[in-house]
Amino acid sequence: MADQVTGRILLNPWRLSPRWRIGIGAVIVAITYGGLISAKPDSVHGGVGGPAALLALCGYTLGAMLIVSGAVAGLPTTTVALLPVAITINIVMGKIVYFSGLPLQLDSIGTVLVGVLAGPAAGAATGALASIVVGMTITPGALPYAVTAALIGFIAGTLARAGWFRRLPTALLAGGVIGVAAGIVSAPITAFVFGNAGGTVGQSAVIATFQAYGNSMLKAASLQGLVADPLDKALTVALALTLLAGLPSGYVHRFPFVQKHRVLAVHRLMPRRT
């Protein structure tokens with residue numbers, strides 16, 4: 001954008017359109033991920049607490065916040081009203097699983113729910129906002145994972161638009177795809193920011209097992225994500241579909257995304273019993 005009087009470039013990022021904010025945020029995330037993969041710091045001095053950790057923390061957090069600012073700007077009132085409910089579902093389920101010690105998370109049910117009902121941008125905003133809220137109030141370690149949460153919501157909405165949620169088998173497969181993507185993006189954060197300390201005791205035990213077999217920090221975290229996240233996200237999708245089946249049809253079809261792309265055939269096949 002150029003000033004019409006002086007011809008100078010206006011650098012205020014908040015004057016950028018929502019699409020530009022999302023695009024710049026995604027580029028920052030991609031550059032951060034590429035930088036970490038290229039550097040491959042695998043020691044305490046080069047990884048945890050060092051430049052790699054700072055790069056992961058700043059790059060992922062900044063990218064996630066830009067994506068959120070762009071995504072929220074274009075959401076309708078119906079979707080915005082759903083966000084606090086979805087974020088609460090994420091937090092409650094995440095804490096229940098955390099205290100269970102299982103190598104799972106199940107903290108993205110609300111994110112998938114919004115992605116299916118309102119599309120990729122709404123799903124991305126829900127996931128990132130949930131991580132930011134948890135990171136600033138309950139668990140600071142959740143903040144860098146905001147980019148992973150945003151990606152989960154974005155892919156859920158994208159696959160819903162493509163019809164993956166019309167049948168239960170393809171919906172569960174969508175959960176597996178989401179899990180693979182989440183595991184890949186999360187691995188550098190787990191390895192270089194937290195020294196391979198997983199979100200739960202079970203995750204940390206799985207990562208430690210992979211490291212005991214001689215794998216590097218990044219490879220151990222990646223293997224844990226690729227093993228556990230597809231199952232975790234398939235269960236997440238199944239629980240999100242269960243919630244959708246319990247919602248009144250009139251409420252569900254108030255979302256333009258649902259009507260335009262006919263994403264809820266599964267919901268119609270599972271009517272609410274009265």
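First, my working term: a nonpolar core is a set of buried Ala, Val, Leu, Ile, Met, Phe, Trp, Tyr and Cys residues joined through side-chain atoms within 4.5 Å. I call a residue buried under 20% relative accessible area, exposed over 50%, and partly exposed in between (1.4 Å probe, protein chains only).

Ground rules: this is a predicted model, where local features need pLDDT of at least 70, side-chain atom pairs count only at pLDDT 80 or more, and totals for chains, interfaces and linings use all residues. Residues are numbered from 1 along each chain as its sequence is written, and side-chain values use heavy atoms, with hydrogens and water left out.

**Cores.** I looked up the largest nonpolar core and got 35 residues, with Val 112, Val 116, Leu 117, Phe 165 and Leu 264 having the most contacts inside it. Elements giving two or more residues to this core include helix 3 (77-100), helix 5 (120-137) and helix 9 (217-246). Helices here are DSSP runs (H or I, at least four residues), numbered from the N terminus. Helix 4 supplies the largest share of this core, seven residues.

Then I checked Leu 264. Leaving out residues up to four places away in sequence, Leu 264 touches Val 116, Leu 117, Leu 244, Val 252 and Val 258; contact means heavy atoms within 4.5 Å.

**Rings.** I found two aromatic pairs. Rings of Phe, Tyr and Trp (its six-membered ring) pair if their centres lie within 6.5 Å; planes under 30 degrees apart count as stacked, over 60 as edge-to-face and the rest as tilted. Tyr 98 and Phe 99 pair edge-to-face, 5.3 Å centre to centre with 80° between the planes. Tyr 98 is partly exposed at 42%, and Phe 99 is exposed at 69%. The ring centres of Tyr 251 and Phe 255 are 5.5 Å apart with planes at 85°, so this pair is edge-to-face too. Phe 255 is buried at 1%, while Tyr 251 is partly exposed at 25%.
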